[in-house]
Amino acid sequence: MQQKVDINIPPSEKGQQRIIILGAGFGGLKLARLLGQSNQFQVLLIDRNNYHQFQPLLYQVATAGLEPSSISFPIRKIFQKKKNVFIRIAEIEAVETETKTVKTKIGRFKYDKLVIALGTTTNFFGNNKIEENSIGLKTVSEALYIRNQILKNYENALVSENEKVSEAALNIAIVGGGPTGVELAGAIAELRNNILPKEYPELDFSKMNIFLIEATNRLLGTMSQFSSQKAKNYLQKLGVKVQLNTLVKFCEGNKVITDSGVILSSNVVWAAGMKGTTLNGIPPKVVSPSGRIAVDAFNKVKGMDNIFAIGDIAFMETSQYPNGHPQVAPVAIQQAENLARNLMAEVAQKEQKSFTYKDKGTMATVGRNLAVVELPFAKFGGFFAWVIWMFVHLMSILGIKNRFFIFINWLTNYFTYNLSLRLIIKPKKQNVSPK
Ligand SMILES: Cc1cc2nc3c(=O)[nH]c(=O)nc-3n(C[C@H](O)[C@H](O)[C@H](O)COP(=O)(O)OP(=O)(O)OC[C@H]3O[C@@H](n4cnc5c(N)ncnc54)[C@H](O)[C@@H]3O)c2cc1C
């Protein structure tokens, strides 16, 4: 049956362009907010979730440090007063360029201009055995799933009479030594060192191993050698077993099979790769092997009219970034800002500007009082870096209420080492796959 088009979206007003934005992540949301300020545009923002997720703090939800609601922000609330911004919650399926239409699970929508801001998904590199036996960390649901699974496995370890099963239930293997893997490993080590032994006195936590497995010869590969070494030292001090130059071949049952041996763990987190979200209708010739969509210096998809891509999914090759820009929030936000300016400039028949990334620095936290920070003029680690990391992340969170709750949580956690978020929340319906 042919789907209805534009159901319940009013026709755009005379002279207004309809811009459809796919994805309400860092890039899509910023663009919708900027274009929503101008009555020259009717904006339709489509996402599968009715909330924006602050991915940099997902690892704290996974380790029971923050409530999911603290890092999720309802999209509709942001646009309450914007009459020219419409929101639809739907799974996006394809773009049909001949009719300038987006196909979703709830119907089709027509655009004058389309902006793809669908970000990335976890890349299991086609290895089904890894995909079936591990979990990624890209969404709030996955973070909650990890929290549940780890806690459930401790309950299992308590009642198991089989030593190998208990050992696997206690161990945690994190694959991928980028910022996500490093931050998660550090937070789990803090839990093991400070909280879990108090809650499970019958379990011997000296037997719990946290493995961080990385295929290359260093952690934090996108940062300097200085930060890689510091992060490794910090993690080892916390008791994390860092295995460099180790390739995971596959996972089976409660085993992780690497090229240098077998690790016993029922908790495997896959933080070893990302790929651009697939959107049917985009010609394969403009999609890179890692699923990113090739764009020009104005974020226009190469060879396509009226279609743009921003953020993690966009692949813009420049002399400074021959492999594309880093897949971080500031790139997505800055590309949204530049595109908004250009779309407005086009309407006003003014000159458009190509995109230039202003890199203000990178950072990663490893644990309490431990972080590494790289600014354009300095690199450092330790307590001061950790304070900067906390400040920057707190100020980047959407919403004053969320900021306040996170601050209070962090403060309580710092002094008491003890947040009471270690709840196993079971979905009523089984087999609900995390998205
Ligand atoms: C665990 C983790 C930690 C990170 N830490 C940092 C950090 O400390 N600093 C930093 O700068 N960056 C960090 N990043 C990277 C940062 O989050 C991304 O660069 C940023 O989110 C990219 O923004 P985006 O708008 O391109 O995509 P996203 O923010 O990923 O947004 C994509 C949106 O598209 C929606 N979507 C996707 N597919 C569909 C579909 N088929 N149908 C409907 N909706 C869909 C999603 O629901 C999502 O809302 C981290 C990422 C992760 C996963």
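What you're looking at is a predicted model: local features need pLDDT of at least 70, side-chain atom pairs count only at pLDDT 80 or more, and totals for chains, interfaces and linings use all residues. Residues are numbered from 1 along each chain as its sequence is written.

## Two domains

The chain splits into domain 1 (17-48 + 90-122 + 274-347) and domain 2 (128-272), with bounds that come from an automatic or database domain assignment. Taken over C-alpha atoms, their centres are 34 Å apart.

## A parallel sheet

Five strands line up as an open sheet in the order E11-E18-E12-E13-E14, with parallel pairing. At the edges sit E11 (135-136) and E14 (240-243), each pairing on one side only. Strands here are DSSP runs of type E with at least two residues, helices are H or I runs with at least four, and both are numbered from the N terminus. Two strands pair if DSSP finds at least two bridges between them.

Now for E12 (residues 172-175). Four bridges link E12 to E13 (residues 210-213), and four join E12 to E18 (residues 267-270). Val-175 stands opposite Ile-213 in E13, while its bridge partner in E18 is Trp-270. Ile-172 and Ile-174 point one way from E12, Ala-173 and Val-175 point the other way, and all are buried (20 or more other C-beta atoms, placed from the backbone, within 10 Å of the residue's own).

## The nonpolar cores

The largest nonpolar core has 68 residues, and Ile-174 and Val-175 are among those touching the most other members. A core here is a set of buried Ala, Val, Leu, Ile, Met, Phe, Trp, Tyr and Cys residues joined through C-beta atoms within 7 Å. Helix H5 (residues 140-159) gives the most to this core, with eight residues. A second, separate core of 48 residues includes Val-43, Phe-109, Ala-117 and Ala-332.

## Around the ligand

There are 31 residues around the ligand, and Gly-23, Gly-25, Gly-27, Gly-119 and Gly-311 come nearest (being near takes a C-beta atom, placed from the backbone, within 6 Å). Helices H1 (26-35), H2 (58-62), H7 (179-194) and H10 (329-347) each supply at least two residues of this shell.

Why does the ligand lie between domain 1 and domain 2? Both domains give residues to the shell, so the ligand lies between them.

Definitions and conventions:
Buried ≥ 20, exposed ≤ 12 C-beta atoms within 10 Å, placed from the backbone.
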